[in-house]
Amino acid sequence: MPAFTLYGARGSTNTDRVRLTLAEGGFTDYELVLFNLYKGEQKSEENMKRHPWGKIPVITFPEGFTLYESRAICTYLARKYSFPLLPTDSDIEATALFDQAQSVEMQYFADPAGKIAFEKFVKKFMGLPPNEAAVSDALKSIESYFDVAERQLQHNDYMAGKDFTLADIYYIPLIQRLFACGYGDVILSRKAVGAWWDRCMNRPAIQKMVAADKEAMAAAMAARK
Ligand SMILES: N[C@@H](CCC(=O)N[C@@H](CS)C(=O)NCC(=O)O)C(=O)O
């Protein structure tokens, strides 16, 4: 029996945050159950018991422990299975800088990036037009966020300091989405941010997962024809 079940969806940035953490930790002993969000499978009675808002990702363990919220799941898994993706507890300054980086990602990046992903990516699948004014506002926030990140990354290799941590992983799915929506320049036009992105994407576990997802997506598209 696998150690736990991860309920998620293909193409879900929040699910991918957890999958990237598991990939970086080299952990494969879990079952991945994929819901079709467009069919509303996440709102099933069973999933509402796991997640009070009827969302994904969620993890459940055979003994009953259940956890939702992608970043909480990533932190829990990294602690439980000792993935080298968090500062050690005894280094309280590094831990504080990690907490700071995590808060910055959620506060200044995830919200506008999520808006762009929703308007430009999700709505396309729903057959709805994007709200261009919302996209333009969100893009302004992202540009000014990365102006700050550019200055920080001139002195640090990674978002929480000198080491690659979960704080870097948290950005990856939504940045991939920005690239997919044609906004990759936000990253590539800034030297230190672009170099950080390359360092993240050149990691073997991440490259492997991205390649496997590309293949799975191509197979799914071919099956639709
Ligand atoms: N803050 C949550 C967000 C979870 C979330 O919004 N998940 C999306 C998929 S990426 C979802 O379940 N959407 C379907 C719905 O809201 O019904 C997290 O980090 O896990």
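## The nonpolar core

In this predicted model, the largest nonpolar core takes in 46 residues. Which of them touch the most other members? That group is C74, A113, L166, A167, I169 and L174.

The top contributor is α6, with nine residues. And where does the core sit relative to the two domains? It lies between them, because domain 1 (4–85) and domain 2 (92–207) both give residues to it.

## A closer look at A167

A167 is one of the core residues that touch the most other members. Leaving out residues up to four places away in sequence, A167 touches F98, A101, Q102 and E105, plus M159 and A160.

The chain splits into domain 1, residues 4–85, and domain 2, residues 92–207. Taken over C-alpha atoms, their centres are 21 Å apart. Their contact draws 14 residues from domain 1 and 13 residues from domain 2.

Now for the side of domain 1 that touches domain 2. Here α1 (13–25) and α3 (70–80) each put in at least two residues, and α1 gives the most, with seven residues.

## Around the ligand

There are 13 residues around the ligand, and S12, N14, K55, I56 and S70 come nearest. The helices α1 and α3 turn up again, each supplying at least two residues of this shell.

By class, the ligand shell has six polar, four nonpolar and three charged residues.

## What the record says

An unreviewed UniProt entry carries the annotation "domain: GST N-terminal", and that annotation covers residues 2–85. In the model, this span is 36% helix and 19% strand, and its end C-alpha atoms lie 22 Å apart. For reference, the domain assignment used above runs over 4–85 for domain 1.

Definitions and conventions:
Residues are numbered from 1 along each chain as its sequence is written. This is a predicted model: local features need pLDDT of at least 70, side-chain atom pairs count only at pLDDT 80 or more; totals for chains, interfaces and linings use all residues. Domain bounds come from an automatic or database domain assignment. Two residues are in contact if their C-beta atoms, placed from the backbone, lie within 7 Å. Helices (H or I, at least four residues) and strands (E, at least two) are DSSP runs, numbered from the N terminus. A residue is near a molecule or strand if its C-beta atom, placed from the backbone, lies within 6 Å of it. Ala, Val, Leu, Ile, Met, Phe, Trp, Tyr, Cys and Pro count as nonpolar, Asp, Glu, Lys and Arg as charged, and the others, Gly among them, as polar. A nonpolar core is a set of buried Ala, Val, Leu, Ile, Met, Phe, Trp, Tyr and Cys residues joined through C-beta atoms within 7 Å. A residue is buried if 20 or more other C-beta atoms lie within 10 Å of its own, exposed if 12 or fewer, and partly exposed in between; C-beta atoms are placed from the backbone. UniProt positions are given in the numbering used here, feature names are shortened, and annotations may be inferred rather than shown by experiment.
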